[in-house]
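Here is a quick tour for anyone opening this structure for the first time. Have a look around, and then we'll walk through a few spots together.

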Amino acid sequence: MTLTKRIIPCLDVKNGRVVKGLHFESIKDAGDPVELAKQYSDEGADELVFLDITASEEQRETIKTLVRKVASVINIPFTVGGGVKSLEDARNILLSGADKVGINTGAIKNPEILTELMNLFGRQCIVVAIDAKRNYEIKENTNVFTENGKQFWFEVFIYGGKEETGIDAIEWAKKAQKLGAGEILLTSIDKDGTKEGYDILLTREVVKSTSIPVIASGGCGKPDDMVEIFKESNVDAALAASIFHYQSHGVNGVKRHLKDKQIPVRL
Amino acid sequence: MVSVAIFDYGAGNIFSLKNSLEKLGATVDVITTFDNPNHYSGLLLPGVGNFDPAIKSIHEHSKIRFKDYVKDDTPVLGICLGMEMFFEKSEEGHEKGLSVIDGEVIELPSSMKIPHMGWNNLEIKKPGKILEGIDDGSWVYFVHSFLVKPSSNDIITAESDYGIKVPAVVEKNNFFGTQFHPEKSGKIGSIMIQNFLEECKK
């Protein structure tokens, strides 16, 4: 046996509650983060990701408290991200009980932070979160793909998907690895919230271009979407939120389904 | 009630380890030097940080050497980096290791994704104190880029397969090491921490 594929419930937290949006907008309430974390951990989640989507300076202390509460009820690895801009932010999160820190906008604005973090805490605690979206206006020095006769490239978006950067997602993934990322959390903005399945093309290309673990995110609506992304790409983990939040499928049920479809999972 | 100490190199999450020990009924102190008298029943070297800074944080804050602090009677559990530090040297750094186990620490082969991150299963080689009550094939959580290469394979009680055989659990006298993170390995990990605490009570 070798490594299993990891199934990772994601808790997007806003003002202390777990929420889930469609295309990063129209947010719905989905429960208490501490209760959900415990439930997922007990049901056999391989890891948890906790994203504070309203992170701001004033909320720093609130986040630390919440991280500490969540970390004290689970015994599986745990990533925390949202608004991480400085070494101090990352340190706070790690010392509050998280195993890894997720960085998105902060790393785009200041890529050197990845190297500084690696030197302090080791590569394994650094998850670079990349939100990518198809851009049909072709420009130079991007990796161009074609789907349904249309050409496009994958552009990195920051500030929770609100602001474009002009940066090619595949190139950024490679650079992030070089600078110190230990893992990539790859979200397709095109697929996020659609429940139509993961972004196979985007995931496959980022996995091919890097040699660190990649987590696929965005678009999962049913267990078969996970089967598909694991069969169609060599991705290491699949992240999902809504299929777990609304009790349509428990974590254990999803993993049994994956096992039936010959995907190696921990049961 | 068993009283243990976690040595903090100041480089990451030790909250989870402390929390898991306390849940099992231990009283836990976090220490940053070996210069105070050792009144603990056990010591834990956590698995966060890098080899050189961690070794340096021990040397710089302690006049008493690690070996003299734990002698041959305090059980020590080294987790991941903590276990790697038991050895003589590591390809991760230039500092000399704690040298309580003969052998070295080398990088994982680059043919595989590094870090080796995720759940892998244990191939139990021989009975061990930490492995009491653990079934062959049990899942544990790894996250590491280096592996230990003991001079004697006799001390390896469990391995894991990541393209090559990765020593997963080692036991030598009062030194116990796990390459994976028991504090992050769900119920299985909890049993191993309990086993270590039982050893501390003796």
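Let's start in chain B, where Pro115(B) sits in the loop between strand S6 (103–107) and strand S7 (116–121); helices (H or I, at least four residues) and strands (E, at least two) are DSSP runs, numbered from the N terminus. Over in chain A, Tyr159(A) lies in the loop between strand S9 (150–158) and strand S10 (163–168). Tyr159(A) has a phi near 50°, a positive value in a residue other than glycine. For background, most residues other than glycine have a negative phi, and most peptide bonds are trans.

A word on the ground rules: this is a predicted model, where local features need pLDDT of at least 70 and side-chain atom pairs count only at pLDDT 80 or more, while totals for chains, interfaces and linings use all residues. Residues are numbered from 1 along each chain as its sequence is written, chains are lettered from A and ligands numbered from 1 in the order in which they are written, and side-chain values use heavy atoms, with hydrogens and water left out.

**Where the chains meet**

How many residues does each chain bring to the contact? Chain A gives 40 and chain B gives 29, with contact meaning heavy atoms within 4.5 Å. Together the two chains bury about 2,800 Å², 53% of it on carbon and sulfur atoms; buried area is the accessible area (1.4 Å probe) that two parts lose on being put together, summed over both.

Two salt bridges cross this interface, a salt bridge being a side-chain nitrogen of Lys or Arg within 4 Å of a carboxyl oxygen of Asp or Glu. Asp99(A) and Lys184(B) are paired this way, at 2.8 Å from N to O. On the chain A side, helix H2 (60–73), helix H3 (87–95) and helix H5 (112–121) each supply at least two of the residues touching chain B. Sorted by class, that side has 18 nonpolar, twelve polar and ten charged residues. (Ala, Val, Leu, Ile, Met, Phe, Trp, Tyr, Cys and Pro count as nonpolar, Asp, Glu, Lys and Arg as charged, and the others, Gly among them, as polar.)

Over all chains, the salt bridge count comes to 24. Within chain A, Glu47(A) and Arg6(A) form one at 2.7 Å, N to O. These two are 41 residues apart, with Arg6(A) in strand S1 (residues 6–14) and Glu47(A) in the loop between helix H1 (33–43) and strand S4 (48–52).

|---|---|---|
| H5(A) and H6(A) | Leu114(A), Thr115(A), Met118(A) | Trp172(A), Ala176(A), Leu179(A) |
| H6(A) and H7(A) | Ile170(A), Ala173(A), Lys174(A) | Glu205(A), Val206(A), Ser209(A) |

By class, the contact of H5(A) with H6(A) has five nonpolar, one polar and no charged residues.
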